[in-house]
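Dear colleague,

Please read them with the coordinates open beside you.

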Amino acid sequence: MSDSGAEVIQQQHQLQNNHASLEEMRAASESESDDDWEEMCDDVQNILCLFCTSIFNNFKDALQHLESQHSFNLAKFKDRHALDFYSYIKLINFIRKKNISPQELIALTTQTWNSDDYLAPTNQDDAWLMFDIEDLEGEKKSNDNLEVMPSNEGVTLSEIHFSELQRTIQSLKAQLEQRDLACLLAKQQIDEMSKKVQKLVFDEEEVTNHKNRCVKSVETKSDQGYFNTYSHFAIHHEMLTVIGDKVRTESYRDALLMNSHIFNNCIMLDVGCGTGILSMFAAKSGCQKVISVDQSDIIYHAMDIVRENNLTKIVKLKKGRLEDIDLDVDKVDAIVSEWMGYFLLFEGMLDSVIYARDHYLKHGGKLLPNKCTISLVGSGDTKRYIDLVDYWSNVYGFKMSCMKAEVVREPSIELCNAQDLVTSVAEIQSFDLYKVTTDCVNFSAPFSLKVKRSGSLTAIIGYFDVFFDDLDNPVHFSTGPHATPTHWKQTVFSLSEPISITEGEIVSGTLVCQRHIKDIRGLMVTIRIKDFSQVYYLD
């Protein structure tokens with residue numbers, strides 16, 4: 001063998017020895033790292049679960065408990081929200097302070113806990129604050145420098161760089177959503193100001209005199225669309241039978257029949273008689289005459305119904321709008337009317353009852369009902385929020401966030417589950433039917449709701465109560481979520497973003513109700529609560 005051949009063999013042996021040494025050093029380093037991690041896990045004591053009172057001696061058991069008992073994978077949650085050291089610390093303090101459930105937490109966005117207020121530890125000895133969030137990456141951590149291929153095949157990024165870009169995108173997305181909301185609120189305020197300016201310029205008299213702006217001021221022809229909706233059989237069938245509306249009908253029946261000694265031999269006016277059911281109850285209570293008025297074509301069916309029940313001598317039906325017809329009497333002893341609409345005031349039929357009271361009710365006469373109240377309560381139905389509002393954040397992979405504004409601007413009429421209510425009830429307005437004017441529709445009412453359960457406030461629920469309490473045998477019924485359902489259900493004012501709430505906290509706000517600018521029978525409702533403000537339209 002030549003000297004050069006021996007030299008090559010010697011170099012190969014030297015390279016193999018060096019490679020073996022490097023492998024031993026790398027293995028020793030990894031073993032040392034693992035020993036450090038195991039030592040840290042052994043040192044940590046009393047790790048309190050994030051969502052219950054269970055306590056663990058090491059993070060491995062604590063993480064397994066979160067996933068098995070609470071269906072919460074902290075590693076996946078970290079990746080989903082691109083948590084870094086500071087956002088992780090805020091998250092832990094947010095969970096401790098709000099005592100939030102994992103299901104509620106998953107439904108929230110990063111900006112919910114991204115306030116610097118959550119940098120201050122809720123519990124100074126909280127072991128989770130010492131946990132290195134990067135350790136959740138496991139085997140991925142050793143592959144940080146591997147290249148991954150995003151959707152653009154022309155660019156390759158390291159996983160570290162790709163994660164940084166994800167965090168940046170998440171932060172920019174949150175800022176964009178906040179700016180979109182600010183722009184939306186500004187646009188709503190500009191639209192309202194523009195409408196007010198138009199009214200001041202073109203119809204100043206109508207704006208300055210609210211009392212002139214009521215159903216009486218609208219031409220009958222322009223108002224015919226409202227009455228046409230009551231010409232259909234289906235709506236009356238629903239009001240008499242659907243969803244337990246025996247509550248409404250039986251309340252009117254009991255108010256009349258249980259106080260028949262008051263109405264015996266009197267003249268009663270039924271405003272908006274519909275099928276004539278209340279008029280016939282009044283006849284059975286002993287009235288000598290019942291004048292029944294309705295503008296819709298349903299009154300022709302009411303005539304047949306009254307005839308079929310042999311009450312034509314007592315019940316006299318008149319077609320037309322109350323404000324436009326002659327009743328052929330100067331005064332009546334009592335007025336009965338089922339005038340209430342969604343959120344009590346929608347449809348504006350109270351205007352006709354007030355007109356009847358001022359023009360036909362004798363001194364000391366009776367109104368049935370005589371009092372109504374409007375109340376609010378907070379809902380924390382996160383599933384409903386995700387299905388109805390947050391759904392538009394991702395529709396088959398496409399962003400349609402602009403639709404959120406359209407979804408929340410119109411309150412929904414639905415039956416609410418009492419189990420989803422998270423606050424106390426606040427009565428915001430009371431209407432004495434003997435005293436109110438047509439301007440009672442326009443009011444501003446502050447409210448305070450005491451939080452009964454920590455979580456998220458996703459909607460404000462509105463409902464009303466009806467009272468016949470100036471009778472010898474008073475009657476009352478409610479349309480609230482705790483009561484037997486009626487066809488009015490409840491009016492749900494959805495929030496565009498959930499508001500974090502804590503048990504015992506007092507949430508204050510203001511509700512402003514106004515007549516709709518274009519629709520005399522519609523409503524505009526503005527709710528201001530914490531940093532949230534939204535205009536809703538019932539039209």
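In the sheet that I looked at first, V293 stands opposite K318 in β7, and S292 stands opposite L317 in that strand. This is a predicted model, in which local features need pLDDT of at least 70 and side-chain atom pairs count only at pLDDT 80 or more, while totals for chains, interfaces and linings use all residues. Residues are numbered from 1 along each chain as its sequence is written, and side-chain values use heavy atoms, with hydrogens and water left out.

Strand β6, residues 289-294, pairs with β7 in the parallel sense over five bridges; here strands (E, at least two residues) and helices (H or I, at least four) are DSSP runs numbered from the N terminus, and two strands count as paired if DSSP finds at least two bridges between them. β5 and β6 are likewise joined by five bridges in the parallel sense, and M268 has V290 in β6 as its bridge partner. Both pairings belong to an open sheet of five strands with parallel pairing, in the order β7-β6-β5-β8-β9. Because β7 (315-319) and β9 (361-368) stand at the edges with a single partner strand each, one side of each is left without a neighbour in the sheet. From one strand to the next the twist averages 20 degrees, where axes are lines fitted to C-alpha atoms, for helices over the stretch in contact, and angles run from 0 to 180 degrees between N-to-C directions.

Five of the six residues of β6 are buried, so this strand is largely enclosed by the rest of the structure; buried means under 20% relative accessible area, exposed over 50%, and partly exposed in between, with a 1.4 Å probe and protein chains only.

A second open sheet, of four strands with antiparallel pairing, has the order β13-β17-β18-β19, and its edge strands, β13 (443-450) and β19 (532-538), each pair on one side only. Within it, β17 (residues 506-515) and β18 (residues 523-529) pair in the antiparallel sense over seven bridges, and C513 has V525 in β18 as its bridge partner.

Turning to the rings, a search of the whole structure finds 17 aromatic pairs, counting rings of Phe, Tyr and Trp (its six-membered ring) whose centres lie within 6.5 Å, with planes under 30 degrees apart taken as stacked, over 60 as edge-to-face and the rest as tilted. The rings of F59 and F131 have centres 4.6 Å apart and planes at 45 degrees, so this pair is tilted. Since F59 lies in helix α2 (residues 59-70) and F131 in the loop between α5 (102-106) and β3 (147-148), the pair ties together parts that are 72 residues apart in sequence. F59 and F131 are both buried.
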